[in-house]
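Let's take a walk through this protein together. Have the sequence and the 3D view open, and follow along as we go.

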Amino acid sequence: MKQETFRRAAYTVECKDYVHVVEFNPFDCGTAESLIAYGGNNYVVVGTCRFQEEDAAVEGIQYKTLRTFQHESRVDAIVWSPETRLDALPPHIRFCTAAADRKLRLFTSDLKDKNEYKTLEGHSDYINDLVFSPKGQEIASVSDDHTCRVWDLEENLRAYFVLRSPGMSVGWHPEDAFKLMVAEKNGTIRFYDLVTHQAILSLTTDQTPLMSANWCLKNTFKIGAVAGNDWFIWDITRSSYPLDKRPVHADRARLFKFSFCL
């Protein structure tokens, strides 16, 4: 399979230390700028970006650091809360991290005097993914410890699902807040009812290892994943079998995400 030719980055932001994860805020924060967070060995930086494609007055990229948050362990994942607003007075910043010490940290800040975080503990192995609920009042996480856990913002464990293999991805859809998607490394994707705490739908790639899955924000019926060298697409209104499957990498595929513009 022909590999994509090398391309240089269109824009570069200088960082003072190693960067392990970068995450743009996918939600409307009330301003024209895009919020971005990146994390390293012991820090998370939150900033804003404005791109030339969005504003003709900008040459290349206009980046501004808003705040640097100290972090006690290496940052492995960052997820933004839908409650984050820059147009509020004062601004309201909220995000959660997964760290190498197997803990989640929930950060809340007004970018001035209020800067706090809470620690969510319970996982006994590497945390692979996390997500906020559509209203931002709960957080779900999956781990190599074969569990999916759902927490509230006061550090309380609200739900707990035992998995049959490591949990690789977790998804919450804004139009279906009572269902949670959990993808396991063994190739199985299950949807859990958060009222009854029961599995209500199951999909499978029949291929391992499944490394990543994503629930399309623009279409509640469309699911995508990568397993082995292939990507898979499902339309859950039609079948539990993939609607499409194609090879995507000569080596193992690692990450699958739908575009927010779909």
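## From the domain boundary outwards

Let's start with Glu154, which is exposed, with a relative accessible area of 52%. One thing to keep in mind as you look around is that this is a predicted model. Glu154 has a partner: its side chain meets that of Lys118 in a salt bridge, with 3.1 Å from N to O. Lys118 itself counts as partly exposed, at 23% relative accessibility. Where do Glu154 and Lys118 lie? Glu154 is in the loop between strand 11 (147-152) and strand 12 (157-162), while Lys118 belongs to strand 8, so the pair ties together parts that are 36 residues apart in sequence.

To place that pair in the wider picture, step back to the whole chain. The protein is divided into domain 1, covering 16-121, and domain 2, covering 128-261. Their C-alpha centres lie 24 Å apart. How many residues of domain 1 are in contact with domain 2? The answer is 19, and they meet 17 residues on the domain 2 side.

Now for the area between the two. The size of an interface is often given as the accessible area lost when the parts come together. Between domain 1 and domain 2 the buried area is about 1400 Å², and carbon and sulfur atoms give 71% of it. On the domain 1 side, look for Val79, Lys118 and Leu120: they supply 33% of the area that domain 1 buries against domain 2, more than any other three residues.

What about charged and polar links across the boundary? Between domain 1 and domain 2 there are two salt bridges. The count of residue pairs in polar contact between the domains is four. Which strands build the side of domain 1 that touches domain 2? Strand 5 (75-80), strand 6 (93-99), strand 7 (104-109) and strand 8 (115-120) each supply at least two residues. Strand 6 gives the most, with five residues. If you sort the residues on this side of domain 1 by type, you get 11 nonpolar, three polar and five charged.

A search of the whole structure finds 14 of them. One joins the side chains of Asp101 and Arg105, with 2.6 Å from N to O. Are these two residues buried or exposed? Asp101 is partly exposed, with a relative accessible area of 27%, whereas Arg105 counts as buried, at 1% relative accessibility. Another salt bridge pairs the side chains of Asp244 and Arg246, at 3.2 Å from N to O. Here Asp244 is partly exposed at 25% relative accessible area, and Arg246 is partly exposed at 47%. Going back to Asp101 and Arg105, salt bridges that share partners join them with Glu72 into one network.

Find Arg190 in strand 15, residues 188-193. Arg190 is buried, with a relative accessible area of 12%. Its side chain makes a polar contact with the side chain of Glu184, at 2.7 Å. Leaving out residues up to four places away in sequence, Arg190 touches several others, including Arg164, Leu180, Met181 and Leu201.

Next, go to Val131 in strand 9, residues 127-132. Val131 counts as buried, at 14% relative accessibility. Beyond its neighbours within four places in sequence, Val131 is in contact with Val79, Glu138, Ile139, Ala140, Val170, Gly171 and Trp172. The C-alpha atoms of Val131 and Val150 are separated by 9.5 Å, and the two residues are 19 residues apart along the chain.

For the last stop, look at Leu89, in the loop between strand 5 and strand 6. Is Leu89 buried or exposed? Leu89 is exposed, with a relative accessible area of 87%. From the C-alpha atom of Leu89 to that of Glu116 the separation is 18 Å, with the two residues 27 residues apart along the chain.

How values were computed. Residues are numbered from 1 along each chain as its sequence is written. This is a predicted model: local features need pLDDT of at least 70, side-chain atom pairs count only at pLDDT 80 or more; totals for chains, interfaces and linings use all residues. Side-chain values use heavy atoms; hydrogens and water are left out. Domain bounds come from an automatic or database domain assignment. Contact means heavy atoms within 4.5 Å. Buried area is the accessible area (1.4 Å probe) that two parts lose on being put together, summed over both. A salt bridge is a side-chain nitrogen of Lys or Arg within 4 Å of a carboxyl oxygen of Asp or Glu. A polar contact is a pair of N or O atoms within 3.5 Å; within protein, one must be able to donate a hydrogen and the other to accept it, and residues adjacent in sequence count only if both atoms are side-chain atoms. Helices (H or I, at least four residues) and strands (E, at least two) are DSSP runs, numbered from the N terminus. Ala, Val, Leu, Ile, Met, Phe, Trp, Tyr, Cys and Pro count as nonpolar, Asp, Glu, Lys and Arg as charged, and the others, Gly among them, as polar. Buried means under 20% relative accessible area, exposed over 50%, partly exposed in between (1.4 Å probe, protein chains only).
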